[in-house]
Amino acid sequence: MKYDPVLENCPICGSAQTRFYHSDLRQNRISICEACRFQFMNPQYSDQYLTEFYAGYYSHHSQIEREPTSHAHDFYLKKIETFLPQKGKLLDYGCGVGRVMNTARQRGWTVVGYDVDCETTKKVEKVYDVEIKCGSFEDLDWEGRRFDLIYLYHVLEHVKDPVHTIKTLRGLLNEKGHLFVGVPNMRSLSSTAKTYLERKRIRRRRIGAHYATDHHLLYFSKPSLSILLEKCGFSVVYTRNGYKAKNEDPNLKKIAMRYVTDHLYPNSQMVMLARRDD
Ligand SMILES: [Zn+2]
C-alpha cells in the first residue's frame, strides 16, 4: 500500500476542521486545517513506502569526503550561541553527510548525529571521526544522555507525526535546552505565487514542485511552526528567513542575503530557535 487512510484531524492542532485544499503536480492531495491554517498531504504515504524511499536516500553519495565547514550553518550557529554562549552538547537529528556536525565541532560544540540510513552514517562516522546513531529513532538507547541543542534542519517536513517527534526530542534536551528547526516556508513569495496560479488555473500546466510531495508530507509557515513548538512545550526565541548564502558567494552577496532578504520578503526557507519550557 502506498498510502495511509485519510487523516481526519490536523497533525498539529488536532482539529477535525480540515478540508481539501489543493492537488499538486504529482496529484497528491493537500488538506488545510481551518483552525491553524496548517497544510499537510492527505492521505500520507504508508510507513512501508517511506522506508523503501529513504533506504536509498543518500545512495548518490557513494563516496563521503570531508567537506569544508558550511558558511550558512556557521552563521546560524553564531546566532544560536547568543542564546547558548556556553555551547555544550549538540544532537544533529537527520545529520545526512555530516556537514552541520563538522561545522558545529569547529565552533566548539560536542556533536552527536542521528540518521535513518546506517550505510551512509557509517561512512560519515569514519570520515569525520564522530559518533552517529542510526536506524529507528524509537529504538535507540541514549543511556540518560541529554543535549543542550538539537539541530533539526530540513527534517520536520518529512515526518508523519510532528507532535510526537518534537515531544520525543524535547525529552532529550537539558533543562533550558534549545531546539533549532529549519523547514521550507510555504508562505514564501514563490510558493504563495505558485500555489495561487495553480489554484486559479491561470497556468494550464501545473508549475509547482514547491510542495515536493515526493517526500515532503507537511507544509509549514511561521505561524503553524510556532503553534507546533509551543504545543510541545517550547518558547520560540528567534525566527528568521533562511540564510541561503553558499561558501563561494562573494561577500557582498552574503551581506545582502543576511541583512536584506531577511526583511524584504519571505524566501523559500525559514528557521526558528525555541527554548524548552520548564
Ligand atoms: Zn490545525
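Biologist: Which residue stands opposite L173 in β8?

Modeller: In this predicted model, that residue is F147.

Biologist: How do β7 and β8 pair, and over how many bridges?

Modeller: Strands β7 and β8 (residues 173-184) run in the parallel sense, with six bridges between them.

Biologist: What sheet are they in?

Modeller: An open sheet of seven strands with mixed pairing, ordered β6-β5-β4-β7-β8-β11-β10. From one strand to the next the twist averages 20°.

Biologist: Which strands stand at the edges?

Modeller: β6 (131-134) and β10 (234-241) do. Each has a single partner strand, so one side of each has no neighbour in the sheet.

Biologist: Which helices lie across β8?

Modeller: Among them are α2 (residues 71-80), which also lies across β7, β10 and β11, and α5 (residues 162-170), which also lies across β4, β7 and β11. Helix α2 runs at about 145° to β8, and α5 runs at about 145° to β8 as well.

Biologist: Now the core. How many residues are in the largest nonpolar one?

Modeller: It has 62 residues, and I150, Y151, L152, L179, F180 and V181 have the most contacts inside it. Strand β7 (residues 147-153) gives the largest share, six residues.

Biologist: What does I150 contact, leaving aside neighbours within four places in sequence?

Modeller: L91, Y93, L169, L172, L173 and L179.

Note on methods:
Residues are numbered from 1 along each chain as its sequence is written. This is a predicted model: local features need pLDDT of at least 70, side-chain atom pairs count only at pLDDT 80 or more; totals for chains, interfaces and linings use all residues. A nonpolar core is a set of buried Ala, Val, Leu, Ile, Met, Phe, Trp, Tyr and Cys residues joined through C-beta atoms within 7 Å. A residue is buried if 20 or more other C-beta atoms lie within 10 Å of its own, exposed if 12 or fewer, and partly exposed in between; C-beta atoms are placed from the backbone. Helices (H or I, at least four residues) and strands (E, at least two) are DSSP runs, numbered from the N terminus. Two residues are in contact if their C-beta atoms, placed from the backbone, lie within 7 Å. Two strands pair if DSSP finds at least two bridges between them. Axes are lines fitted to C-alpha atoms, for helices over the stretch in contact, and angles run from 0 to 180 degrees between N-to-C directions.
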